[in-house]
Amino acid sequence: MIQLPDRLDAGFPYPLGAKFNGLGVNFAVFSANADRIELCLFDSTGRREIGRIDLPECTDEVWHGFLPEARPGLLYGFRAHGRYEPQNGHRFNPNKLLLDPYARRLAGELRWTDALHSYRVRSSRADLSFDRRDSAPAMPKGVVGHSGFDWTGDERPRVPWSDTVIYEAHVKGLTRLMEEVPPAERGTYAALSHPKVIGHLQRIGVTTLELLPIHAFVQDRRLQEAGLANYWGYNTLAFFAPERRYMAGDTGDELRLAIRRLHAAGIEVILDVVYNHTAEGSELGPTFNFRGLDNAVYYRLVEGDPRYCVNDTGTGNTLNLSHPRVLQMVADSLRHWAESYHVDGFRFDLGVTLGRDGNNGFDPRSGFFDVLRQDPVLGQLKLISEPWDIGPGGYQLGNHPPGFAEWNDRFRDATRRFWRGDSGVRPEFASRIAGSADLFDRRARRTWASVNFVTAHDGFTLADLVSYAEKHNDANGEDNRDGHSDNHSANWGHEGPIDDPAITELRARVSRSMLTTLFFSLGTPMLLGGDEFGRTQRGNNNAYCQDNELSWIDWSQVDTAEGHSLSDFVRRLTAARRHYPLLRARKFLHGEVEVAPGVLDIDWFDERGEHLSEGDWNNSEGRALAMRRARLLPDGQVEVVTMLMNGAEVPLDFHLPPPVLERRLIIDSADPNAPEREVVESVTVQDRAVMLIVGTGKVS
């Protein structure tokens with residue numbers, strides 16, 4: 001144990017956090033409004049406070065001090081002194097132990113108690129009251145870290161956006177039920193690079209693994225008391241520390257090793273990150289770190305009544321990225337994951353919130369976007385935004401700056417509705433499968449800016465999308481009131497599982513048609529983990545609190561005849577996408593370029609092989625659509641790929657439009673085992689099915 005001095009050395013204001021330099025540890029933490037900040041040190045168990053020393057210096061609103069002879073592994077936290085004036089936005093309470101916002105590693109678990117609040121929870125004065133109980137026994141502690149992981153030889157796959165196929169998965173749910181993984185490693189970071197995982201991802205053509213949040217997060221008190229859990233993890237406690245529940249051992253290096261092995265297999269890793277809010281909730285929430293360090297700076301507060309938090313996120317608070325120090329923390333966190341863990345990109349939860357300029361609404365020129373785009377490290381990574389929040393003007397699909405891709409929920413909805421057979425969907429569906437140029441073709445953005453998906457973690461799985469007309473979220477304990485009610489789903493004759501062969505076959509066909517649409521549309525496809533072999537959540541479309549077999553991927557399904565057939569079909573889809581560049585064209589196609597006489601780069605036809613007139617497009621009952629893309633090959637031949645889509649409830653004969661070429665059927669969603677074959681002038685497309693026809697030849 002180190003001998004604690006009466007006073008710390010001055011140290012330095014940079015870098016923020018706890019930094020070991022070989023001679024000791026420098027501590028630095030930002031607070032613009034605190035009067036005094038104490039460093040609290042704990043024994044190796046985290047239960048006993050062994051010292052409390054003031055940070056002696058404050059430079060540019062950063063409090064700092066240096067502890068000689070301190071070593072990695074030291075447990076610590078802070079206490080901040082200042083005004084407790086909630087009505088003015090200040091909530092300093094030195095009785096509350098505060099976690100370092102820059103803590104790279106945590107020790108101990110959060111234990112829910114009213115002492116975690118800065119006010120007396122049951123007081124009639126609510127948050128205007130003051131609580132004097134020490135919260136340290138209930139708080140996790142920061143751990144001084146020092147990573148010596150050797151990244152020598154690691155190379156980022158740097159998969160071009162146009163070649164990218166994203167697979168969205170949960171660290172625990174991905175391998176918790178995978179029997180090939182050693183029991184102690186199932187559901188952990190270590191299992192991410194198990195040969196079974198890597199082999200499966202490679203087989204179905206995945207290039208990029210997108211992980212649900214792995215920043216250290218809080219288990220909600222309400223959920224714990226109800227016997228549930230925060231499974232998804234969108235409740236961040238520490239932006240620099242990996243979630244400990246996903247560790248097989250006691251080191252973050254197992255995550256680094258997994259990423260290195262995935263890189264060696266050519267697979268990128270993207271993190272879903274939550275910088276729009278924190279786990280501290282509304283003004284009535286607990287005090288873990290930011291609220292106690294400087295509530296008036298870290299959070300956006302209601303203008304004219306700073307006692308209350310702005311709630312553009314639906315979680316009770318909103319981080320104030322308009323302040324340079326808060327923005328710095330976010331950028332430092334992103335850079336930490338990019339440099340220390342070699343992640344390949346980020347998906348930003350509620351990305352609109354991050355682009356809000358104070359109370360002035362969303363601005364694609366906000367500081368957040370500018371900082372990331374100009375950063376020499378972050379600007380080279382894959383950056384994806386969820387383009388909405390619940391604040392004013394919160395829907396901003398297509399309005400993000402160049403360099404960012406965006407989740408395209410309009411693609412999701414149009415695809416679901418077209419294959420369900422809804423009226424009046426054909427024009428919208430055509431725009432979405434052609435890359436959503438009406439939304440993204442500006443400022444030299446490319447087709448990859450549209451992240452296309454049919455399902456995601458938030459909502460039905462693909463199997464449930466074709467098995468349930470209504471949500472069934474009773475297990476969440478909210479009387480089925482949670483989750484979206486309008487899912488554009490259909491049960492095709494029976495709610496839930498059924499042995500009826502006709503219904504089962506129709507559900508399978510619709511699933512394959514939606515997958516074919518996903519992989520053959522312009523844009524970046526994202527597949528929800530498990531959809532490739534029929535994973536179900538039994539109709540639950542909001543399984544955020546289900547850390548159990550309802551959410552975990554059941555890998556035994558891969559070995560069933562149905563599961564193997566579907567996963568093999570996905571393999572064929574991604575293989576075709578790789579083989580035919582027109583399926584992943586980088587630039588938008590507008591039907592304005594003639595690649596050969598009478599052949600445009602993109603064109604639209606009906607089942608008769610005739611161009612769709614304005615009246616046809618306006619025909620709300622039209623459910624047949626042929627999309628043809630074309631390019632000129634180096635040898636002077638023309639290559640065309642044609643998607644024949646029948647959203648009707650009866651089979652339709654499609655006549656192929658001129659010119660006459662050597663044509664082959666590549667994919668038929670009505671028959672997952674259909675071999676490639678020659679096609680002449682017309683084909684019959686089954687109801688709710690899609691075919692891909694490829695033709696090549698000279699056009700004069």
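This briefing covers the pockets and nonpolar cores of the structure above. The model is predicted: local features need pLDDT of at least 70, side-chain atom pairs count only at pLDDT 80 or more, and totals for chains, interfaces and linings use all residues. Residues are numbered from 1 along each chain as its sequence is written, and side-chain values use heavy atoms, leaving out hydrogens and water.

**Largest pocket**

- A pocket is an open set of points on a 1 Å grid over the protein atoms alone, where a 1.4 Å probe fits, with protein on both sides within 12 Å along at least five of seven lines; lining residues have an atom within 4 Å of a point.
- The largest pocket has a volume of about 1400 Å³, the space filled by probe spheres set on the points.
- Its lining has 50 residues, and W232, T313, G314, T315 and N542 are the closest to the centre.

**Second largest pocket**

- The second largest pocket holds about 960 Å³.
- Of its 37 lining residues, R104, S147, R256, H336 and S340 lie nearest the centre.
- α6 gives the most to this lining, with 5 residues; helices are DSSP runs of H or I, at least four residues, numbered from the N terminus.

**Nonpolar cores**

- A nonpolar core joins buried Ala, Val, Leu, Ile, Met, Phe, Trp, Tyr and Cys residues through side-chain atoms within 4.5 Å, where buried means under 20% relative accessible area (1.4 Å probe, protein chains only).
- The largest core has 163 residues, and F27, Y167, F346, F348, F368 and M645 touch the most other members.
- Apart from it lies another core of 16 residues, including V679 and I693.

Note on methods: Helices (H or I, at least four residues) and strands (E, at least two) are DSSP runs, numbered from the N terminus. Buried means under 20% relative accessible area, exposed over 50%, partly exposed in between (1.4 Å probe, protein chains only).
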